[in-house]
Amino acid sequence: MSRLVKWFAELGRTDVGLVGGKNAGLGELTRNLARAGVRVPEGFALTAEAYHRFIQVNGLNEVIAEHIGRLHGGTDLPDVGHAIRDAILAAELPAEVTAAVEQAYGELADRLCTIDPDVAVRSSATAEDLPEASFAGQLESFLNVSGAAALLGACLRCYASLFTDRVISYREDSGFGHLDVALSVGVQRMVRSDLGAAGVMFSIDTETGFPRSVLINASWGLGETVVGGRVDPDEYVVFKPLLGDPGLFPIVSKARGRKERKVVYDAAGGTRQLDTTEDEAVRYALDDEEILLLARWATTVEDHYGTPMDMEWGKDGRTGEIFLVQARPETVQRRREASLLRTYRIRDAGEPLVKGLAIGDAIAAGPVCNLTSAAEIDRFVDGSVLVTKITDPDWEPIMKRAAAIVTDHGGRTSHAAIVSRELGVPAIIGTGDATALLGDGMTVTVSCAESDEGFVYEGLRDYEDEEISLENIPATTTRVMLNLANPAAAFRWWRLPADGVGLARMEFIVNNHVKIHPMALVHPGRVEEDARRRITELTRGYDDLTEYFVERLAHGIARIAASRWPDPVIVRMSDFKTNEYARLVGGRRFEPHEENPMLGWRGASRYYTEGYREGFALECRAVRRVRERIGLTNVIVMIPFCRTVEEADRVLRVMAEENLGRGRGGLEVYAMAEIPANIILAEEFADRFDGFSIGSNDLTQLTLGVDRDSAELAHLFDERNPALTRSIEHLISAAHAKRRKVGLCGQRPSDDPDFARFLVEAGIDSISVAPDSFFSVKENVAAAERGQERREPAPEPAPAVRGAQSWPPA
């Protein structure tokens, strides 16, 4: 029996040749990680030796070789595959194999103290999960198998699945000999996730390769709906470096999926699909403690293997226990060249036709080919954009020929997502309505380059791509930081050697991820009927409406902060103008009409006044959650448009009342320096704040009295004006005298090397720019620092005089 059957506890990762990658992985987990608390359901593997004996005893080597010869001679693949599978299913397992399976199954029943236990029966190929060989769900698995006779029948069907049309085609394309790959069968006790939940997780961000996150997909019922892309699952992202602190909850993102259906036990054996209830659709499939347990297991497994991992899990609905049911090395991101960054940028995209989850980070364009079945392969034209509801392995011959792929259903761990990544084809998954909106022949552009959300645009859109070596970026003393607004795009830039985030705009997160005016959540009764309906729709699943605002804002901030940890991330509190606030859902009832919102009720003046004080409290709650519950203490708060020192005092008092006081837990509070009063009274503001960030647009506008949006006055809007440069120098000098840091957020240093030189010579501590300008600014700053080193030091002149002499450059 020992040569034919092996218990998982006897196996390890070196046993791929004996039991295939899947079973070797289960053995590795069982034997080595149980002590670390990782639970794996008990089971055993029918070895490759059993498969070879089955093939040999039944004379199937010759049968298979004969039919493969027919394939090479021109016989259609479906005819060849059907003939081989029929031959396998008509054969009998050798008596010693049957006896070994029955004996092991009986012992499993004894261990579980039951009769005829329900088991999962899974195929495990001996070439599976090698870096150059990914079978990506092509082999068969059978769930809820009970009784020895049913188990033996499932083993035969697993053997036959090694010769489905798609697997034969895969081996032909990959150069594997059809008789060189053997099959092991894994038999594992069922986790009753049909009564609970199941899903997939990766110990790396699947789209960007960000190595410090765990991505978890979850849905109700058995996991095949998630793996097969038949459901839009919940998605959770956990930040690994903070998992070691049991007092923290480092979940940086939670997105509720639609979870429209689930797979459960069928009373007659096997499984069946049901629609989920409305309650299941709006509830998260896992609570925070369960999310963190899985994330810790993912980190443990990754540490053990020494490489990013792809895992499947299930939660038993009877006991509440969670188990890992598969683990294998991740096969896409680890093959990427770490020293190269390829970026895509779309120009003038317009409004998207559809949107969904972006897979990959590329852009592609072509005519739509809208297919309902893989059997329509003859209709597909190479280089088209494949549009369909879902994919499975039968679609892979078409997917290889597509410029891009768009599906109605699926998550980041679905078949369509996994195969698209492996093929390097951009895909947008889980759009909900692509097949209804994108008709055959339409020319579209598919963009996965803007965030973790992908967009399909009508027509051929102009875009550019660039490949940059990260090895040639110069080091600088002046910190070069990033301006980030979109949490969904933050992980895309993790490879950039930036010194943190100099400006994270809270209002972008509110506008795009929250969408509702905070005061409308505090006082929903004041909101008009149509807005109230929209609020009800957006906040489904939340008993406390204000928790919706706090959780979504906190997760948006956290994702940005995690992308640069432990470097500082400066989060500017909301700086909407009243007309912008009014456009939020429910906002009209809470905002006055102003003739000039740019100079109206904005920034700091809102935070302590009755009309917004409760809304600012929600902002403070969100930042506290990021720093104290999630644990991202690299977040610095920045107050915008603070007109007077008295106003600064009032804002700081309100923050303290909301338990977000300056100094609490090391919290630093900065001020935007964008009003002439901030410059003139720099010493007084420096007594109240820990640092400054120069907002060059508003400072230029208010110093020169020029409307920055006026085309007629555009020639006067110039950050190089001596009034601005002297202001900047005075602020830096005054702030440094108080040991306060000063940064500048703006585009000018990337477009103008002389302005970058001026800032360096003035002693700026940091410059913060958009990610696509990072390289040029870094080079400009490095050049300025080299020039500064070559020059002989001169006596320090008075700030005002130095500004006049040093600008504009000769």
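User: What is a cavity in this predicted model, and how much space lies in the largest cavity?
Analyst: A cavity is a set of grid points where a 1.4 Å probe fits but cannot get out. The model, which is predicted, holds 2 cavities of 30 Å³ or more. The space in the largest cavity is about 80 Å³.

User: Which helix gives the largest share of the lining of the second largest cavity?
Analyst: The second largest cavity holds about 30 Å³ of space, and its lining includes Ser 696, Leu 699 and Thr 700. Two or more lining residues come from each of helix H24 (696–704) and helix H25 (722–737). The largest share, 3 residues, comes from H24.

User: How many strands form the closed barrel?
Analyst: The barrel runs S23-S24-S25-S26-S27-S28-S29-S30, with parallel pairing. From one strand to the next, the twist averages 30°. The number of strands in the closed barrel is 8.

User: What angle does the direction of helix H14 make with that of S24?
Analyst: Strand S24 (residues 501–505) runs parallel to strand S23 (residues 479–484), and 3 bridges join the two. Helix H14 (residues 506–514) packs on the sheet, where it touches S24 and strand S25 (569–572). The direction of H14 makes with that of S24 an angle of about 35°.

Key: Residues numbered from 1 in each chain as written. Predicted model: local features only at pLDDT ≥ 70, side-chain atom pairs only at ≥ 80, totals over all residues. Heavy atoms only, no water. Pairing = 2+ DSSP bridges. Helix = DSSP H or I, 4+ residues; strand = E, 2+ residues; numbered from the N terminus. Axes fitted to C-alpha atoms, helices over the stretch in contact; angles between N-to-C directions. Contact = heavy atoms within 4.5 Å. 1 Å grid on protein atoms, 1.4 Å probe; cavity = no way out; pocket = protein on both sides within 12 Å on 5 of 7 lines; lining within 4 Å. Points joined across faces, edges and corners; volume = space filled by probe spheres on them.
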